[in-house]
Amino acid sequence: MKKLYEKNEQTFAIVWIVIYCVLQSLAYPLNEKIGIEYSANAIFCILQTIILVIFIRKNNLQKQYGLCKSPVPACRFLYYVPLFILATGNLWNGIAVNYSLSEAVCRIACMLCVGFLEEVIFRGFLFVAIAKDNVKSAIIISSVTFGVGHLINLFNGSGMDLVNNLCQIFFAIAVGFLFVTIFYRGGSLFPCIIVHSAINTLSTFADKEDITMEKHLVHLFVLIFITVAYNLILARMLPKNQWESIKDTRDK
């Protein structure tokens with residue numbers, strides 16, 4: 001793994017994206033055999049998380065990939081209040097018990113790890129690898145790839161329909177741009193990991209009853225509006241190259 005990383009970081013990022021997508025796709029039929037929803041997903045995600053944490057720590061890559069405290073004061077981020085609002089979006093229609101205890105535990109474990117894995121892979125590995133040559137391209141590619149990557153949910157056995165999948169993609173692209181701004185301009189990936197994990201995890205308890213398509217679209221529009229507005233505000237308030245400053249300090 002280290003040899004591939006040292007040879008070509010972009011290829012390394014792509015390989016991890018492919019591995020992640022393939023394992024999550026294989027997990028759904030395995031869940032049916034095990035008899036517990038998200039059990040195989042949780043196992044694969046936990047194993048991948050452990051491997052990535054060991055790799056990053058062993059090679060002292062924490063600062064390069066934002067696994068450190070942001071040097072930018074919280075007030076410059078508006079104390080992350082918009083992120084807390086986004087994190088609770090899945091509960092706006094109410095709270096419900098959608099899974100058995102074992103299924104809920106597996107889903108929560110899976111969703112917590114997904115937040116870490118997707119942020120490190122897309123905002124970390126992929127963005128950083130491309131940003132060394134072109135930051136603008138890195139922002140666009142990492143954000144759009146992250147969003148469009150959710151298209152796999154149509155084919156991996158998750159049961160998601162086309163309309164909900166398209167909504168998920170649009171929201172994920174908007175969130176992708178916001179999170180890459182937080183990382184690039186703020187120097188830390190931790191806020192992105194925490195909020196991403198919270199969004200996913202709280203979906204476990206979302207009340208999906210009596211949600212019309214119109215209500216769902218309004219909900220999506222509000223979330224995207226908050227995401228885009230917060231991104232624009234941060235683009236004006238945060239330092240322009242905090243990640244590059246951290247990277248340069250590490251390289252010296």
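Student: How far apart are the end C-alpha atoms of H7, and what span should its 25 residues have?

Tutor: This is a predicted model, where local features need pLDDT of at least 70, side-chain atom pairs count only at pLDDT 80 or more, and totals for chains, interfaces and linings use all residues. Residues are numbered from 1 along each chain as its sequence is written, and side-chain values use heavy atoms, with hydrogens and water left out. Helices are DSSP runs (H or I, at least four residues), numbered from the N terminus, and the expected span is 1.5 Å times one less than the number of residues. For H7 that rule gives 36 Å, which agrees with end C-alpha atoms that are 35 Å apart.

Student: How many residues of H7 are buried?

Tutor: Buried means under 20% relative accessible area, exposed means over 50%, and partly exposed is in between (1.4 Å probe, protein chains only). By that cut-off H7 is mostly covered, and of its 25 residues the buried ones number 18.

Student: Which residues touch the most other members of the largest nonpolar core?

Tutor: A nonpolar core here is a set of buried Ala, Val, Leu, Ile, Met, Phe, Trp, Tyr and Cys residues joined through side-chain atoms within 4.5 Å. The largest one has 64 residues, and H5 gives the most to it, with 17 residues. The members touching the most others are Leu83 and Phe125.

Student: What does Leu83 touch, leaving out residues up to four places away in sequence?

Tutor: Contact means heavy atoms within 4.5 Å. On that basis the partners of Leu83 are Leu178, Phe179, Ile182, Pro191, Val195 and Tyr230.

Student: And Phe125, what kind of aromatic pair does it form with Tyr65?

Tutor: Rings of Phe, Tyr and Trp (its six-membered ring) pair if their centres lie within 6.5 Å; planes under 30 degrees apart count as stacked, over 60 as edge-to-face and the rest as tilted. Tyr65 sits in the loop between helix H3 (39-58) and helix H4 (81-87), while Phe125 is in helix H5 (residues 101-131), 60 residues apart. Tyr65 counts as buried because its relative accessibility is 1%. With 5.0 Å centre to centre and 85 degrees between the planes, the pair is edge-to-face.

Student: Where does Arg123 lie relative to Phe146?

Tutor: A charge sits over a ring if NZ of Lys or CZ of Arg is within 6 Å of the ring centre and within 35 degrees of the ring normal. Arg123 lies over the face of Phe146, and its distance from the ring centre is 4.2 Å.

Key: Helix = DSSP H or I, 4+ residues; strand = E, 2+ residues; numbered from the N terminus.
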